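Hello,

Here is the structure I promised to pass on to you. My notes on what turned up in it follow below.

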Amino acid sequence: MTISPLSRAAAAEFAPEVTYLNTSSWGLLPRRTIAAVKALADENAVGRRTGAGSFDAVEAARVGFARLAGVRPDRVATGSSVTVHVGLIAASLPAGAEVLVPEGEFTSVVSPFALRGDLRMRYAPLTELADAVRPTTALVAFSSVQSADGRVADLAAVRAAAAAHGARTLLDATQSAGWFPLDAGAYDYTVAGGFKFLLCPRGTSFLTVTEEAQETLPKLFAGWVAAGAPWTRNYGPLDHLAPGARGFDEPPAFLSYHGAEHSLALLGEIGTDALYTHATSLAARLRAGLVERGYEVVPGESAIVSVPGLEGRQPELAEAGIAVSAPAGNLRISCHLYNTEADVDRALEVLGRREPGLPA
């Protein structure tokens, strides 16, 4: 019997001690990633690593993400969090600019704009987001997959509406990059936290920027790393930043990026198509099993399955050794490469059939 690269990777790289269905909160670290982080920590402990880490690892992570995102590496900036990337974009907008965001969007995507106080914020249901774009809209900021319930946005419709009205687009791919095909070049900006489906350590995030949009971003992080020549421009004022998106790099958390290099290489070896098929197939099995047992689930073809009103069952699942989450009143169950049909069936077994009178 032929074993797929995904199955080989799951067996070689992961050994969870629980039924782990919670990648929407954070992803499991592959063994190769853990080994790289430990190796750097050991070198730092005894003084063998000059500079406490290698920019070669940061570049390898940049290349690995660029491959998954479908863009050139010079379109990718590396950083530490989605909030910082979005804050940079928010700082680029003129006072009075209109920003359109889905209702219930994750706070890191909306708050940097809302808290400026001088932008015009508009909100629309996710299903009506494309129709809500108008000629006065400067930016549409939204997630490809919603954090609260796993719904997938109508990406093509939003892109078309934004283009028709001259609005720019900011896509947060944090809940999708790593299992959902990402065409970062189709958006003015994309952001993605690395510690969920990308399986990177916390402290890694990625920003992609079109060449046109790069011209409008302010030089807020004008430190020595953004100069693009590590260790060579550490003193005095800079007269320019590195070309391309590298000019928006933050100083790297080396331990995190030494691991991220290997996590992103692993995903690249498997391929997004295989990751998408595996995760959505498991989620479809879970969704069908929940419906069969009388639960009402959020519909769709997402790797994330949510049951509204069932957040109270999360402690029971945890007690049974099943890791899930419960944001915004939903029981949220997410599937990734290390999950199996047995994991899904175990969750269904514990949930059982919905009792009359209880939330669906």
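Leaving aside residues up to four places away in sequence, Asn 22 touches Ala 323, Val 324, Ser 325, Arg 332 and Ser 334. One of these partners, Ser 325, also makes a polar contact with Asn 22, side chain to side chain, at 3.1 Å. Asn 22 sits in the loop between β1 (19-20) and α2 (31-46). With a relative accessible area of 5%, Asn 22 is buried. Please keep in mind as you read on that this is a predicted model, and that every value here is computed from it.

**Asp 343 and helix α12**

Is Asp 343 buried or exposed? Its relative accessibility is 15%, and it counts as buried because the cut-off for that class is under 20%. Asp 343 belongs to helix α12, which covers residues 341-351. Its side chain is joined to that of Asn 339 by a polar contact of 3.2 Å. Not counting residues up to four places away in sequence, Asp 343 touches Thr 19, Leu 21 and Tyr 338. Pro 218, by contrast, is 125 residues from Asp 343 in sequence and 46 Å from it in space, C-alpha to C-alpha.

**After α12: Arg 354**

Arg 354 lies in the segment that follows α12. This residue is partly exposed, at 31% relative accessible area. A polar atom of the Arg 354 side chain lies 2.8 Å from the backbone oxygen of Gly 294.

Helix α7 runs over residues 155-165, and its buried residues are Leu 155, Val 158, Ala 161 and Ala 162. These four are on the same side of α7 because they cover an arc of only 135° around the axis. The general rule behind such a pattern is that an α-helix has 3.6 residues a turn, so residues three or four places apart point the same way. What do the buried residues of α7 pack against? Their partners are α6 (129-132), β5 (137-143) and β6 (168-172). Ala 163 and Ala 164, on the other side of α7, are exposed. Gly 166 follows the helix, and its phi is positive, near 75°.

As background, most residues other than glycine have a negative phi. Which way does phi go at Leu 199, positive or negative? Leu 199 has a positive phi of about 65° although it is not a glycine. You will find Leu 199 in the loop between β7 (189-193) and β8 (205-209), where it is buried with a relative accessible area of 0%.

Trp 231 is another residue other than glycine with a positive phi, in this case near 70°. Trp 231 is placed in the loop between α8 (211-214) and α9 (254-270). Trp 231 is partly exposed, with a relative accessible area of 46%.

**Gly 268 in α9**

Helix α9 contains Gly 268, which is partly exposed at a relative accessible area of 32%. Gly 268 and Ala 61 are 207 residues apart in sequence, yet 11 Å apart in space, C-alpha to C-alpha.

**Pocket and cavity**

- The largest pocket has a volume of about 290 Å³.
- Its lining is made up of 21 residues, and those nearest its centre are Val 82, Phe 106, Thr 174, Phe 195 and Lys 196.
- By class, the pocket lining has 4 nonpolar, 13 polar and 4 charged residues.
- How many cavities of 30 Å³ or more does the structure hold? There is 1, and about 40 Å³ of space lies in the largest cavity.
- The residues lining the largest cavity are Phe 65, Leu 68, Ala 177, Gly 178, Phe 180, Leu 182, Leu 198 and Thr 272.
- By class, the lining of the largest cavity has 6 nonpolar and 2 polar residues, with no charged ones.

Happy reading, and best wishes

Methods. Residues numbered from 1 in each chain as written. Predicted model: local features only at pLDDT ≥ 70, side-chain atom pairs only at ≥ 80, totals over all residues. Heavy atoms only, no water. 1 Å grid on protein atoms, 1.4 Å probe; cavity = no way out; pocket = protein on both sides within 12 Å on 5 of 7 lines; lining within 4 Å. Points joined across faces, edges and corners; volume = space filled by probe spheres on them. Nonpolar A, V, L, I, M, F, W, Y, C, P; charged D, E, K, R; others polar. Buried < 20%, exposed > 50% of the residue type's maximum accessible area, 1.4 Å probe, protein only. Helix = DSSP H or I, 4+ residues; strand = E, 2+ residues; numbered from the N terminus. Arc of directions from axis to C-beta. Contact = heavy atoms within 4.5 Å. Polar contact = N/O pair within 3.5 Å; in protein donor to acceptor, adjacent residues only side chain to side chain.
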